[in-house]
Amino acid sequence: MGSYLSGMVMPNIGAFIAWGIITALFIETGWWPNEQLATMVDPMLKYLLPLLIGYTGGNMVYGQRGAVVGAIATIGVIVGSSVPMFIGAMALGPLGGYLVKKFDDLFKDKIRAGFEMLVNNFSSGIIGFILAIIAFYAVGPFVTALTNALASGVDWIVNAGLLPLANIFIEPAKILFLNNAINHGILTPLGTEQAAEAGKSILFLLEANPGPGLGLLLAFSLFGKGAARASAPGAVLIHFIGGIHEIYFPYVLMKPALFLAVISGGIAGTFTNTIFSSGLVAAASPGSIIAIMAMTPRGSYLGVVMGVLVATIVSFLVAMLILKSDKSEVSIEEDNFSSKVNESQSRKAESKGVNQTSTTQTMVADDASLVGQQDVKRIIFACDAGMGSSAMGASIMRKKVKDAGLDISVTNASIGNLKDEDGLLVITQKELTARAKQKTPSATQVSVDNFLNSPKYEEIVENLKNQL
């Protein structure tokens, strides 16, 4: 459920960031106050962002028809409430898509030839009309009360000084690949409403703070062993600058005691942000220091930087003590790190409701040599959200393709947005290959263990060169 909720928000993060930039620059307390431009802030928050979420939710369920009905239903809940309707949009968008899908399933064989367009248009309009009225009178007030209750709960936790304790749950949940579910499914909607009232929200920093992971990776760079130590410096850059937090998860899984390091760093960072009353104006995605600083409002830079710095130092010190107390041999360490990389991928599959074993058995193209079976014109790296690791994988492959002198497009996308076409090569992680095959049955499928470092990339490029 958390993955599904975040799937409605993540494709629209650009709109959240645009709203955040406009807010940071043009409101009365912004960098360059502008009364006219500031009038965009409220309509974007109340109408644009919820409508995008509702539209995306409907599209996830039933394509364009589902998206239209989802948006119509969402406008009912928006107008029928007094608070930004992110939660309502997450409910009404998929519901609209589901209902129009069920209508089509029931009547698709009963429509006479020539009446398809008429029935399709009127069915979408009528279903959307009914849902909008229900949302206006029933869902809007209910979600308003729920949102106010959640906001009151968050305020109580903040005022009681207990917010740092949230990291006891957030940091382990991240490593179980619930990071997107927590950040975009829960914290982003609540934080956006809080930022609309206060101009910033500390909730945006709970999961996105790169300090705990940075401290851990720095400790491995200095005190780790074998493959883990050798790979840690490169992982620092990907994590801190690239914002791909998943890169440090295998390091924690390798030594479960290191959960204490990231939890301690998270608590320390949030406690520091609480002291400085720091926050961001919008969600920072990915969790890169660049994105975080871009979303920091005037007056919060010191607090945000200190929150990252303190989290890094505390995580580093705790991880250092744990690593220095380890007396195991390097060869054992290397074997353990490799196994935990695989375990990390397995946990990612489980977090998305995918059984990795059964998925592997249903793969139809697990070998990069299959690239030679068709004329590849386009390569797509696909993951659950179409961001993060798939973007990094596409960047790596794009450079290899360019260096090989190949004129082939290399992009990244979410599994749900894949479209079948000729000449398409889809690269996914193993646990997602079966889903990609369902969306693109005509494409060549290649599955890899890790987007960031796969030996299959060289084989793919070599086979593509042989096609010329």
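How many aromatic pairs does the structure hold? There are 7 aromatic pairs, where rings of Phe, Tyr and Trp (its six-membered ring) pair if their centres lie within 6.5 Å. This is a predicted model, in which local features need pLDDT of at least 70 and side-chain atom pairs count only at pLDDT 80 or more, while totals for chains, interfaces and linings use all residues. Residues are numbered from 1 along each chain as its sequence is written, and side-chain values use heavy atoms, with hydrogens and water left out.

Start by selecting Tyr-248 and Phe-249. Their rings form an edge-to-face pair (planes over 60 degrees apart), with 5.0 Å centre to centre and 85° between the planes.

Next, select Phe-381 and Tyr-457, another edge-to-face pair: 5.7 Å centre to centre, with 75° between the planes. Phe-381 sits in strand E1 (residues 378-383) and Tyr-457 in helix H18 (residues 456-467), so this pair ties together parts 76 residues apart in sequence. Helices (H or I, at least four residues) and strands (E, at least two) are DSSP runs, numbered from the N terminus. Both Phe-381 and Tyr-457 are buried.

Now show H18 on its own. Its buried residues are Lys-456, Tyr-457, Ile-460, Val-461, Asn-463 and Leu-464.

Technical notes. Phe/Tyr/Trp six-rings, centres within 6.5 Å; stacked < 30°, edge-to-face > 60°. Buried < 20%, exposed > 50% of the residue type's maximum accessible area, 1.4 Å probe, protein only.
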